[in-house]
Protein chains: 2
Amino acid sequence: MTSCGVSQQRKSPADFRRSADVFKALSNPNRLLIIEALSHGERCVADLTGLVGLDISTVSNHLSVLRGVGLVVDDRRGAQVFYTLRNPCVMNMFCCLEEFQAS
Amino acid sequence: MTSCGVSQQRKSPADFRRSADVFKALSNPNRLLIIEALSHGERCVADLTGLVGLDISTVSNHLSVLRGVGLVVDDRRGAQVFYTLRNPCVMNMFCCLEEFQAS
DNA sequence: TTCATTATTTGCCAATTGGCAAATAATGCA
DNA sequence: TGCATTATTTGCCAATTGGCAAATAATGAA
């Protein structure tokens, strides 16, 4: 894991707000489970509901949260809706977290 | 930002729980502001209180949250308490987030 | 020991979160 | 159109969060 080449500009309150919002979306274990599943390929809601083991209304709500911060995108095909990660680079954050937690 | 060399083992519910806890600690803009300040070097509580602009009891509480997940460590010197990031590699997560948000 | 300074803890309150279940919406077939 | 399937939204409720202010703890000097 190397340093990233991101500029060191001063962050505005809105920047922190936006970052906090994404972290908040990630602050639920069931949502993390969903994201990890999606990192391996698209899944439909019923799939994810089976995986998470909660009521489908809850899973749908979690997916709505993830959609809200742009982590996932939905694709309706007939009665079914499939979800995918909008950008897999978010998994890099998990790698960073694992390194942090291993330290 | 390159991929990290972390093993692909199956995560347990407790793993997701722990990850979610760290993300939760990061899900508040004022705590992000504190972390960013600490990434540049240690700061005392009064410093951070001035920076954040909230009541000192609130700042102390935020610092307690960060301590609880191991993001920061405290060092009491007399009446003052100084805080530092336990491991600066956590800043890599912010870099990943910025890349994600720029995508 | 008293008093001042600094930081943490606690209590209060409003807002938010997360789970279930019901209600509603979207899709597709007969 | 009616009905079935799938998913989303809404309502309810308990738990949690975050901010302020008061109470309490920790430190140090006189």
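Tutor: A polar contact is a pair of N or O atoms within 3.5 Å; within protein, one atom must be able to donate a hydrogen and the other to accept it. The model discussed here is predicted.

Student: How many residue pairs are in polar contact between chain A and chain B?

Tutor: The count takes in pairs in which both residues have pLDDT 80 or more. Under that condition, the number of residue pairs in polar contact between chain A and chain B is eight.

Student: Which helix gives the largest share of the side of chain A that touches chain B?

Tutor: The elements of chain A that each give two or more residues to this side are helix H1 (13–25), helix H2 (29–39) and helix H5 (91–102). The largest share is ten residues, and the element that supplies them is H5(A).

Student: How many nonpolar residues are on the side of chain A that touches chain B?

Tutor: The contact takes 39 residues from chain A and 40 residues from chain B. On the chain A side, ten residues are polar and eight are charged, while the number of nonpolar residues is 21.

Student: What area is buried between chain A and chain B?

Tutor: The size of an interface is often given as the accessible area lost when the parts come together. For chain A and chain B, carbon and sulfur atoms give 69% of that area, and the total is about 3,800 Å².

Student: How many salt bridges does the rule find across the interface of chain A and chain B?

Tutor: A search of the whole structure finds twelve salt bridges over all chains. A:Lys11 and B:Glu98 form a salt bridge at 2.7 Å, N to O. Across the interface of chain A and chain B, the number found is two.

Student: Which element gives the largest share of the surface near DNA strand C?

Tutor: Elements that each supply at least two residues of this surface include H2 of chain A and helix H3 (45–52) of chain B. Among the 24 residues around DNA strand C, those that come nearest include A:Ser57, A:His62 and B:Tyr83. The largest share, five residues, comes from H4(B).

Student: How many charged residues does the surface near DNA strand D have?

Tutor: DNA strand D is surrounded by 24 residues, with B:His62 and B:Gly78 among the closest. H4(A) gives the largest share of the surface, five residues. By class, eight residues are nonpolar and ten polar, and the number of charged residues is six.

Student: Which strands are the edge strands of the sheet in chain A?

Tutor: The open sheet of chain A has three strands in the order E1-E3-E2, with antiparallel pairing. E2(A) and E3(A) are joined by six bridges, and A:Arg77 has A:Gln80 as its bridge partner. The strands that pair on one side only are E1 (43–44) and E2 (72–77).

Student: Which residue in the turn between E2(B) and E3(B) has a positive phi?

Tutor: Strand E2 (residues 72–77) and strand E3 (residues 80–85) of chain B run antiparallel and are joined by six bridges. B:Asp74 has B:Tyr83 as its bridge partner. The two strands form a hairpin with two residues between them, and the turn residue with a positive phi, about 70°, is B:Gly78.

Methods:
Residues numbered from 1 in each chain as written. Chains lettered and ligands numbered in written order. Predicted model: local features only at pLDDT ≥ 70, side-chain atom pairs only at ≥ 80, totals over all residues. Heavy atoms only, no water. Contact = heavy atoms within 4.5 Å. Buried area = accessible area lost by both parts, 1.4 Å probe. Salt bridge = Lys/Arg side-chain N within 4 Å of Asp/Glu carboxyl O. Polar contact = N/O pair within 3.5 Å; in protein donor to acceptor, adjacent residues only side chain to side chain. Helix = DSSP H or I, 4+ residues; strand = E, 2+ residues; numbered from the N terminus. Nonpolar A, V, L, I, M, F, W, Y, C, P; charged D, E, K, R; others polar. Pairing = 2+ DSSP bridges. Near = heavy atom within 4 Å.
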